[in-house]
Amino acid sequence: MTDPQNQSDAPEATNRRGIRSFVLRQGRMTAGQKSAYERCWPKFGLTREHGMIDPRQVFGREALLTLEIGFGMGQSLADMAEAAPEQDFIGVEVHLAGVGALLKEVEDRGLQNVRVYAIDANEVIDFCLPDASLDQVMLFFPDPWHKKRHHKRRLVQHDFVQRIRHKLRVGGVFHLATDWENYAEHMMEVLSASEGFANAETDGEFSPKPDYRPVTKFEKRGERLGHGVWDLMFRRTN
């Protein structure tokens, strides 16, 4: 099998619009992650070369479908998939160590309701997912690009939100979370002004953390340091 450290499906450093919304870390897979990747990628991995997928064929059933953008090391996504075996989940992550870690969790837990892309989420949104195919999109703790001169790199922008809207079914939910107050305010401003979305709470109000979103180690550490966490849930209306 091709070495996953050098394989052709490795994530590209920039998105199709030329502005990088993530930092491409070069950490290598551990032996365990690499081994899980080699065993599990043929079954659970998806690439842009698969083209526009039919989720019913990919998962072999009709079920609620969630997309998580940037799942990190995959622990939370595996927890959610294990807790909801009646639902299906697609995860997108550009860092191969995280992909390997998630595939190890999938294998260890015997999960059948997870599929994985290891490319920029923009590629997945534009070229891989049919319109109105998703019941939920999750974007948890994206890079906040906290310096003002870097705000243009933030993933949550009007164009991005509209592209997400078209992939959601009417009634589907875009769920975001961040521990940076300024980014939370930015998210609220962008989503509140976005056509075809309505806040699940009162206008301008953040959502309580739903039970299905696991609290990550990173989030727990932030709470110990006194950092806040803000959840936003917006529903597609048309």
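**Aromatic rings, charges and cysteines**

In this predicted model, the number of disulfides is 0. A disulfide is a covalent bond that joins the sulfur atoms of two cysteines. Cys 40 has a relative accessibility of 4% and therefore counts as buried, and Cys 128, at 0% relative accessibility, likewise counts as buried.

The aromatic side chains form 2 pairs in the structure. The ring centres of Tyr 37 and Trp 41 are 5.2 Å apart and the planes of these rings meet at 5 degrees, so this pair is stacked, given that planes under 30 degrees apart count as stacked. Tyr 37 and Trp 41 both belong to helix H1, which covers residues 31-44, and they are separated by 4 residues, or about one turn of the helix. Both Tyr 37 and Trp 41 are buried.

The other aromatic pair consists of Phe 174 and Phe 197, with a centre-to-centre distance of 6.5 Å and an angle of 45 degrees between the planes, and this arrangement is tilted. This pair links distant parts of the chain, since Phe 174 lies in strand S6 (residues 168-178) and Phe 197 lies in strand S7 (residues 197-199), 23 residues apart. Phe 174 and Phe 197 are both buried.

Charged side chains also lie over aromatic rings in the model. Arg 48 is placed over the face of Phe 127, at a distance of 3.9 Å from the ring centre, while the charged end of Arg 213 is found over the ring of Phe 140, 5.6 Å from the centre of that ring.

How values were computed:
Residues numbered from 1 in each chain as written. Predicted model: local features only at pLDDT ≥ 70, side-chain atom pairs only at ≥ 80, totals over all residues. Heavy atoms only, no water. Phe/Tyr/Trp six-rings, centres within 6.5 Å; stacked < 30°, edge-to-face > 60°. Helix = DSSP H or I, 4+ residues; strand = E, 2+ residues; numbered from the N terminus. Buried < 20%, exposed > 50% of the residue type's maximum accessible area, 1.4 Å probe, protein only. Lys NZ or Arg CZ within 6 Å of the ring centre and 35° of its normal. Disulfide = S-S within 2.5 Å.
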